[in-house]
Amino acid sequence: MAETSNVKHTVEVSAKVIRADGTVHDLGVIAAQHKSVLKRLHWRLFGHSQAQRRIAAANAHPSVAR
Amino acid sequence: MATTAVLTAKGRDEYQAAAQAGTIVGKVLGWGTNPKAATAAASDVALFTEAAEARVTGTAAVVTTTTTNDTYQVTGTITSGSAQTIAEVAITDSTTKPFSTTWSTAPTTTSGTSGTSAGSYTPANSTYIQDASGEVMEVTAGTGTTSLTVVRGANGSTAVTSAASNEITQGAIPGASVTGGNLLMHATFTGLALNNGDSIAFTCQIKLT
């Protein structure tokens with residue numbers, strides 16, 4: 001039976017990048033799917049772009065390669 | 001690639017089973033590189049391309065988001081052993097990694113039904129593989145060999161043109177179980193550039209309605 005499941009649910013993944021030198025980049029929510037229409041809209045309009053900016057900032061400050 | 005996080009079809013299956021048995025669903029975290037920039041979907045059965053680091057047993061908890069104890073949460077930290085870009089994370093129920101190899105010759109376009117794997121396909125026939133492109137295929141013939149016959153777009157996934165060197169990883173669909181291959185939650189995101197010794201501390205939250 002084909003599984004096209006997408007039961008109503010909310011999933012959020014938050015992340016902190018911890019560099020080897022101890023520097024911490026708190027990225028907040030970096031991936032999400034929301035059941036709530038308002039939360040889904042908020043993520044699309046604001047949350048996603050915020051995550052992109054934070055990820056870009058973290059990637060711009062790497063640790064020194066060992 | 002769309003940034004998203006999903007409870008997979010297998011994850012829903014596990015939730016029901018855990019509720020019935022009074023146990024907890026998986027809390028093991030694994031990550032990957034997602035080189036094809038695929039988007040996580042409920043039909044996924046494995047990470048698109050799992051990275052070399054060992055999976056980590058996380059900490060599971062039931063927390064409150066809106067109403068009391070409405071959210072299942074797994075936290076854990078994985079440390080990179082090399083310079084790489086991590087672009088996916090998943091919750092599974094085992095630290096064992098499932099069978100994985102690559103295509104030497106991938107099935108053609110979106111309808112080809114035969115391909116050649118780099119390594120001998122050790123799982124049995126009538127098992128499922130996750131292609132790095134995002135598609136799930138059912139291997140119907142070829143166990144013990146490198147010549148595989150597949151059904152495209154399995155488990156509700158969409159057939160996508162694959163390519164040689166794409167990772168293919170065994171995984172379980174609802175109703176089945178594969179050691180290391182029970183994918184419960186899968187998320188894809190913009191790649192995080194890491195050097196050797198860098199870590200990512202993940203917090204994964206699932207709230208069912």
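I take contact to mean heavy atoms within 4.5 Å. The model is predicted, so I note the limits: local features need pLDDT of at least 70, side-chain atom pairs count only at pLDDT 80 or more, and totals for chains, interfaces and linings use all residues. Residues are numbered from 1 along each chain as its sequence is written, chains are lettered from A and ligands numbered from 1 in the order in which they are written, and side-chain values use heavy atoms, with hydrogens and water left out.

**Entry: T49(B)**

I looked up T49(B) next. Leaving aside neighbours within four places in sequence, T49(B) is in contact with G32(B), T33(B), N34(B), P35(B), E88(B), A132(B) and E167(B). T49(B) sits in the loop between β2 (28-32) and β3 (56-57) of chain B. T49(B) counts as buried because its relative accessibility is 13%.

**Entry: D131(B)**

I moved to D131(B), in strand β9 (residues 127-131) of chain B. For charge, I count Lys and Arg as positive and Asp and Glu as negative; His and the chain ends are not counted. A salt bridge needs a side-chain nitrogen of Lys or Arg within 4 Å of a carboxyl oxygen of Asp or Glu. D131(B) is buried yet has no salt bridge. The nearest side chain of opposite charge is R152(B), 6.6 Å away.

What does the side chain of D131(B) make a polar contact with? I count a polar contact as a pair of N or O atoms within 3.5 Å; within protein, one must be able to donate a hydrogen and the other to accept it, and residues adjacent in sequence count only if both atoms are side-chain atoms. The partner is the side chain of W103(B), at 2.9 Å. The side chain of D131(B) also reaches the backbone nitrogen of S133(B) at 2.8 Å. Beyond four places in sequence, the contacts of D131(B) include F48(B), M137(B), N166(B) and E167(B).

**Entry: A187(B)**

I found A187(B) in strand β13 (residues 183-194) of chain B. A187(B) is buried, with a relative accessible area of 0%. Not counting residues up to four places away in sequence, A187(B) touches V13(A) and A31(A) of chain A, and its chain B contacts include T4(B), A40(B) and E88(B). I also checked T116(B): A187(B) is 71 residues from T116(B) in sequence and 29 Å away in space, C-alpha to C-alpha.

**Entry: chain A**

I read chain A as one helix and two strands, in the order β-β-α. Of its 66 residues, 33% are buried.

**Entry: chain A against chain B**

I counted 35 residues from chain A and 38 residues from chain B in the contact. Buried area is the accessible area (1.4 Å probe) that two parts lose on being put together, summed over both. Between chain A and chain B that area is about 2800 Å², and carbon and sulfur atoms give 54% of it.

How many salt bridges does the rule find across the interface of chain A and chain B? I get one. R19(A) forms a salt bridge with D198(B), with the closest N and O atoms 3.0 Å apart. On the side of chain A that touches chain B, β1 (9-18), β2 (24-33) and α1 (37-59) each supply at least two residues. The largest share, 10 residues, comes from β1(A).

How values were computed. Helices (H or I, at least four residues) and strands (E, at least two) are DSSP runs, numbered from the N terminus. Buried means under 20% relative accessible area, exposed over 50%, partly exposed in between (1.4 Å probe, protein chains only).
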